[in-house]
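Opening the notebook on a new chain today. I want to look up charged contacts and then ring contacts.

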Amino acid sequence: MATKPSIHKFTIALSDLDRDIYDALNLTVARHPSETIERMMVRVLAFCYNASENLVFCKGLSDSDEADLWEKNLDGSLDLWIDVGEPAFDRIKKASRIAKAVRVYAFNTKASVWWSQQQAQFSRLNVSVYRLPWEPLEALANVVDRTMDLSVTISSGSAYVATANGEFELTADVLQSVD
């Protein structure tokens, strides 16, 4: 019998000072059995960085034809494709053909090596790539519960995350920007 995903519920008070977005988000996130808590939290942070009315979580980890998050417009075409981790170049190349904008959020200890190996290829694509720091992400993952209230303030590319169990600052380093 297959292991089922873990369900996490987040109530987020979002203040995105960079984009003048202030919202209360209620997110239900299914964490795939093979997904780490750190990766799930990068998906949540990517949602906060890109919050919009039509942004949704997808089956990216378990379905190669879907992003981790995407935003479709009313005619069904993709406005935004977001991948988390260190995706293969071919996957992002394909995404850049079907979506108007593509963003990658790399995050783990091997992100620097991945980027040094992929940078030349990615530079030919219309893709933005960001790297989130591992240590504060790991600290945030250590306080994650199945149901949580978070306050996320985004300013100058940094996400300030406040929980009942601590506060964390994660600055998204821009590795490549086309936005």
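**Entry 1: what I'm looking at.** This is a predicted model, so I keep in mind that side-chain atom pairs count only at pLDDT 80 or more.

**Entry 2: salt bridge count.** How many salt bridges are there? I get 7 salt bridges.

**Entry 3: Asp68 and Arg39.** I looked up Asp68 and found it in a salt bridge with Arg39, with 2.9 Å between the closest N and O atoms. Asp68 sits in the loop between strand S3 (55–57) and strand S4 (69–72), while Arg39 belongs to helix H1 (residues 37–49), so this pair ties together parts 29 residues apart in sequence. Buried or exposed, I asked of Asp68? Asp68 is buried, at a relative accessible area of 2%. Arg39 is buried too, at 12%, because anything under 20% relative accessible area goes in that class.

**Entry 4: who else joins in.** Which residues are linked in a network of salt bridges? I noted Glu35, Arg39, Arg43 and Asp68.

**Entry 5: Asp79 and Lys100.** Next I checked Asp79, which forms a salt bridge with Lys100; their closest N and O atoms are 3.1 Å apart. This one links distant parts of the chain, with Asp79 in strand S5 (residues 78–84) and Lys100 in strand S6 (residues 99–106), 21 residues apart. Lys100 comes out at 59% relative accessibility and counts as exposed, because the class begins over 50%.

**Entry 6: Asp173 and Arg131.** Here the side chains meet in a salt bridge at 3.9 Å, N to O. I checked that against the cut-off: the rule asks for a nitrogen within 4 Å of a carboxyl oxygen, so the pair counts. Asp173 is in strand S11 (residues 173–176) and Arg131 in strand S7 (residues 127–131), so to speak two distant parts of the chain, 42 residues apart. Asp173 is partly exposed at 35% relative accessibility, and Arg131 is partly exposed with a relative accessible area of 22%.

**Entry 7: a side look at Glu135.** I found Glu135 in helix H4 (residues 134–141). Glu135 is exposed, with a relative accessible area of 56%.

**Entry 8: aromatic pairs.** How many aromatic pairs does a search of the whole structure find? It finds 9 aromatic pairs. For Tyr105 and Tyr130, the ring centres are 5.1 Å apart and the planes are at 20°, so I log the pair as stacked. Tyr105 is in strand S6 and Tyr130 in strand S7, 25 residues apart, and the pair links distant parts of the chain. Both Tyr105 and Tyr130 are buried.

**Entry 9: Phe107 and Trp134.** These rings have their centres 6.3 Å apart with planes at 20°, so the pair is stacked. Phe107 lies in the loop between S6 and helix H3 (111–122), and Trp134 is in helix H4, 27 residues apart. I find Phe107 buried, and Trp134 as well.

**Entry 10: a ring cluster.** Which residues do ring pairs link into a cluster? I wrote down Phe89, Trp114, Trp115 and Phe122.

Definitions and conventions:
Residues are numbered from 1 along each chain as its sequence is written. This is a predicted model: local features need pLDDT of at least 70, side-chain atom pairs count only at pLDDT 80 or more; totals for chains, interfaces and linings use all residues. Side-chain values use heavy atoms; hydrogens and water are left out. Helices (H or I, at least four residues) and strands (E, at least two) are DSSP runs, numbered from the N terminus. Buried means under 20% relative accessible area, exposed over 50%, partly exposed in between (1.4 Å probe, protein chains only). Rings of Phe, Tyr and Trp (its six-membered ring) pair if their centres lie within 6.5 Å; planes under 30 degrees apart count as stacked, over 60 as edge-to-face and the rest as tilted.
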